[in-house]
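Please look through the structure below before reading the notes. The points start with the whole chain and then turn to one strand.

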Amino acid sequence: MSRLRASVAAGVARAAGVATRRSGGGGTSFPGKVLLSLDPRAIDRLGARLPEGSAGISATNGKTAAACMAAAILEGRGERLVHNRAGANMAGGIAPPLLSGDGDRGLFEVDEFWLDGIVEQLRPRALLLANLFRDQLDRYGELETIAERWAQVTASGAAQRLILNADDPTVADLGRDRVDVVFFGVEDDGVALAALQHASDATHCRRCGAPYVYDAHYLGHLGRYHCEACGARRPQPTIAARQIELEGIDGASFTLDLAGHTERVRIPLPGLYNVYNALAAAALTSALGATPQEIVAGLQAVRAAFGRAERVRLGGRDLATLLVKNPAGANEVLRTVALEEGEHDLLAILNDNTADGRDVSWIWDADFEVLGGRVRRATCAGTRAAEMALRLKYAGVPEERIDVVDDLAAALDRAAGTGGPGPLFVLPTYTAMLALREELVRRGAATESFA
């Protein structure tokens with residue numbers, strides 16, 4: 001494309017973004033879609049202008065949180081980032097920050113199904129692949145479909161360096177034949193589960209098909225494993241979390257081992273899943289040149305992205321919002337809430353819009369039973385509110401403690417105005433999280449919107 005045509009395409013896209021925002025829309029992806037329709041190689045062209053190149057992050061769970069942590073580390077050391085902060089992670093969401101951003105390095109979370117096309121254009125200096133879980137089967141197909149696409153990405157050499165989760169067998173296998181790989185993982189059997197969870201996915205060796213033998217189960221199918229048939233085993237991580245202490249929804253602390261250099265870290269984000277996100281961010285930024293001290297400072301300064309354990313105040317009540325979108329992620333959220341003492345009030349918002357996945361049968365693979373006997377009041381909302389209520393009933397929540405209120409605003413009023421002391425735990429699916437954010441902005445409880 002000529003320089004003139006590229007300039008015209010960029011101008012039209014910028015105008016589209018301004019018009020969308022003035023009309024009340026978020027303007028997050030629309031200008032990117034306009035730009036790419038006029039200039040299909042815009043990501044390639046704009047990414048090449050960044051002096052420090054780009055880094056990419058992809059995963060089924062935790063992309064946004066890991067990206068926020070990595071951004072906190074890199075910006076804390078003085079880097080100017082071009083970053084899709086709003087979490088729009090398909091091509092249309094990655095193009096706008098490249099178009100409008102003025103920075104030295106790109107940092108982009110990328111949807112797992114769009115990874116191949118984005119990496120081919122960005123050719124990132126470092127690519128973090130954090131996990132692969134079963135998610136939105138009606139959109140993406142089985143987990144193996146994504147795994148094969150990722151294998152093609154890593155084999156292409158388009159990414160200069162790989163940062164991989166040693167505890168995820170499918171992800172770790174992508175780096176077994178490469179020497180330029182940084183592996184990260186958990187080294188603390190104190191947080192191990194008694195058995196492999198029902199929602200576990202990648203339990204068989206991709207090399208020979210035999211079942212893995214697990215020496216420790218940490219989260220879903222993440223853990224310490226080996227194959228007795230062919231000898232494949234979990235790589236030894238060079239960046240690890242040890243001596244982990246989970247503090248309910250308030251946060252977590254752990255000893256961060258950076259290739260032998262250890263530092264104690266406390267993050268203000270809950271759950272073992274956020275320890276994994278912190279490890280992922282530490283591994284990525286270490287590969288980009290951050291020092292151990294810069295990594296620790298950034299991790300401890302990070303704040304929750306909306307929907308990822310962010311807390312807001314509404315009408316005298318604390319709301320803690322924890323995104324749930326697949327069995328593995330939901331189980332970690334439920335495991336975290338279960339660490340809190342006493343009975344709990346829940347607002348569970350289950351949508352089946354395209355971005356959520358039309359198939360919501362995954363809720364039957366999530367272990368709501370860990371909270372079943374400790375729910376004081378559950379309000380169910382969303383397009384599939386009744387099915388959410390049925391799932392909670394089968395999980396052991398007494399029927400008289402469950403309310404079904406399809407409308408989100410009314411459900412929020414009901415949930416926030418009933419129950420007892422302690423926070424209201426809001427468990428929304430993806431589009432429900434965006435709608436909830438809009439409602440909280442409208443009520444003045446939140447200050448910005450990503451929808």
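1. The chain has 16 helices and 17 strands. Both are DSSP runs numbered from the N terminus: helices are H or I with at least four residues, strands are E with at least two. The model is predicted: local features need pLDDT of at least 70, side-chain atom pairs count only at pLDDT 80 or more, and totals for chains, interfaces and linings use all residues. Residues are numbered from 1 along each chain as its sequence is written, and side-chain values use heavy atoms, leaving out hydrogens and water.

2. The radius of gyration of the chain is 22 Å, which agrees with the value near 22 Å for a compact globule of 451 residues. This radius is taken over C-alpha atoms, and the globule rule is 2.2 Å times the number of residues to the power 0.38. The C-alpha trace spans about 65 × 60 × 40 Å along its principal axes.

3. Of the 451 residues, 58% count as buried, meaning under 20% relative accessible area with a 1.4 Å probe, protein chains only.

4. Strand β3 covers residues 105–109; 5 of its 5 residues are buried, so the strand is largely enclosed by the rest of the structure. In a regular strand the side chains alternate between the two faces of the sheet. From β3, Arg 105, Leu 107 and Glu 109 point one way, while Gly 106 and Phe 108 point the other way.

Methods: Buried means under 20% relative accessible area, exposed over 50%, partly exposed in between (1.4 Å probe, protein chains only).
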